[in-house]
Amino acid sequence: MNKIAVFTSGGDAPGMNACVRAVVRTALYMGKEVVGIKRGYEGMIDGDFVSLDKRSVSGIIQQGGTFLQSARSKRFMTKEGRSLAAKHLKAEGIDGIVAIGGDGTFTGANVFTSEHEFAFVGLPGTIDNDLVGTDFTIGYDTAVNTAMAAIDNIKDTANAHNRIFFIEVMGKDAGFIALRSAIATGAEAVLVPEHTTNLDELVDQLVTNRTAKKSANIVIVAEGDDAGGAFDVSKYVQEKIPEADIRVTVLGHIQRGGRPTCMERVRASQMGIEAVKSLINGDTGVMIGLINQCVVKTPFSQAIKHHQKIKPALLEMVQILG
Ligand code: F6P
């Protein structure tokens, strides 16, 4: 193993820069060359490579986004696209690859490694926290803290006006951002895709709260919930409680950017180091995660098949405490 490539793929996530920095510096420390692939699989297909040295990753540990940029590549879903990517990697003399991304990234990596012989390891990078094989994905801690801070602000104004707020958070088809931000802000209810939503029960709860003169009611809605988005849910509730003063906020991409938290930077750095060590030790086709602070390797085939499950005890916390 002489030359290692690193890239970020799918939705960007805070902490990706810290992770790339760790990959680059670990590889150099171990006497390897490093190149960055720009724009994920798109850059791999186009041969858009950039040589990285120690200084190339200076001053990025605290930055959100990804300086290598990212993409969701349709071309990599085709055999022709993947062949072109393999051709460019070979021409560049790359022996090992580190991919930082989510399940789409590992789905691509799984097909690619079945067709082409490259040592390929993955690191979980997504704000959604939906991957098995790791307690936390890179980006989740920052995103959930950003959501928490925004909800705290909304709560102030909700209290001042006796309003019901429906706040939609990201997460694709997973409810982890919704769940922990709901617990951390003392939300009255949370709707997540992992649990079938009963809107009439929600209405009953909100009516009870209003009767008990609760000044604010905050309902966190995960974007993938089966009852729909925050606007759909608010419409239903408004029809059932016409006298309620209701507002909706969709937090959107504000959750994807921003300075990574301390835990984010530390975990991302740890994972980056482990990825390089794994490649050098001959691992391939695995995603490297941290469970109970220990390094765990999960084959891509497993990482893409299963979805991280929500612990019912966490859902119950919202019910008991809200
Ligand atoms: O996977 C990360 C994520 O932010 C999801 O939470 C969200 O559903 C999606 O990406 C949004 O993607 P895009 O930025 O392409 O609209």
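Modeller: Helices, of at least four residues, and strands, of at least two, are DSSP runs numbered from the N terminus. The model is predicted.

Biologist: Asn 162 is not a glycine; about what phi does Asn 162 have?
Modeller: Asn 162 sits in the loop that connects helix H5 (140-161) with strand S6 (164-169). Although Asn 162 is not a glycine, its phi is positive, at about 55°.

Biologist: Where is Gln 293 placed, and is Gln 293 buried or exposed?
Modeller: Gln 293 belongs to the loop between strand S10 (286-291) and strand S11 (294-299). Its phi is positive too, near 65°, in a residue other than glycine. Exposed means over 50% relative accessible area. Gln 293 has a relative accessibility of 72%, and therefore counts as exposed.

Biologist: Which residue has a side chain joined to that of Glu 188 by a polar contact?
Modeller: Glu 188 lies in the loop between helix H6 (176-185) and strand S7 (189-191). Its contacts, not counting residues up to four places away in sequence, include Gln 205, Asn 209, Ala 216, Asn 217 and Ile 218. Val 318 and Gly 322 are also among them. The polar contact, at 2.5 Å, joins the side chain of Glu 188 to that of Lys 214.

Biologist: Is Glu 188 buried or exposed?
Modeller: Buried means under 20% relative accessible area. Glu 188 has 6%, so this residue is buried.

Biologist: What distance separates the C-alpha atoms of Ala 99 and Ser 9?
Modeller: Ala 99 lies in strand S4 (residues 96-101) and is buried, with a relative accessible area of 0%. Leaving aside neighbours within four places, Ala 99 is in contact with Phe 7, Thr 105, Phe 106, Phe 120, Val 121, Gly 122 and Leu 123. Ala 99 and Ser 9 are 90 residues apart along the chain, and their C-alpha atoms are separated by 7.2 Å.

Biologist: How far apart in space are Thr 78 and Ala 149, C-alpha to C-alpha?
Modeller: Thr 78 is found in the loop between strand S3 (49-51) and H3. It is partly exposed, with a relative accessible area of 31%. Thr 78 and Ala 149 are 71 residues apart in sequence, and their C-alpha separation is 41 Å.

Biologist: In the contact of H7 with H8, how many residues are charged?
Modeller: H7 passes H8 in a right-handed crossing. From H7 come Leu 199, Asp 200, Leu 202, Val 203 and Leu 206, and from H8 come Val 233, Tyr 236, Val 237 and Lys 240. These residues divide into 7 nonpolar, no polar and, as for the charged ones, 2.

Biologist: How are H3 and H4 set to each other, parallel or perpendicular?
Modeller: Helix H3 (residues 79-91) packs against helix H4 (residues 103-115) with the axes 11 Å apart and an angle of about 70°. Angles of 65 to 115 degrees count as roughly perpendicular. H3 and H4 are therefore roughly perpendicular.

Biologist: Which residues of H4 make the contact with H3?
Modeller: The crossing of H3 past H4 is right-handed. H3 contributes Lys 79, Arg 82, Ala 85, Ala 86 and Leu 89, and H4 contributes Val 111, Phe 112 and Glu 115.

Biologist: Are H5 and H9 parallel or antiparallel?
Modeller: H5 and helix H9 (residues 262-280) have axes 8 Å apart, at an angle of about 170°. Tyr 140, Asp 141 and Thr 142 in H5 meet Met 263, Glu 264 and Arg 267 in H9. Angles over 145 degrees count as roughly antiparallel. H5 and H9 are therefore roughly antiparallel.

Methods:
Residues are numbered from 1 along each chain as its sequence is written. This is a predicted model: local features need pLDDT of at least 70, side-chain atom pairs count only at pLDDT 80 or more; totals for chains, interfaces and linings use all residues. Side-chain values use heavy atoms; hydrogens and water are left out. Buried means under 20% relative accessible area, exposed over 50%, partly exposed in between (1.4 Å probe, protein chains only). A polar contact is a pair of N or O atoms within 3.5 Å; within protein, one must be able to donate a hydrogen and the other to accept it, and residues adjacent in sequence count only if both atoms are side-chain atoms. Contact means heavy atoms within 4.5 Å. A crossing is left-handed if the near helix is turned anticlockwise from the far one by less than a right angle, and right-handed if clockwise. Ala, Val, Leu, Ile, Met, Phe, Trp, Tyr, Cys and Pro count as nonpolar, Asp, Glu, Lys and Arg as charged, and the others, Gly among them, as polar. Axes are lines fitted to C-alpha atoms, for helices over the stretch in contact, and angles run from 0 to 180 degrees between N-to-C directions. Angles under 35 degrees count as roughly parallel, over 145 as roughly antiparallel, 65 to 115 as roughly perpendicular and the rest as oblique.
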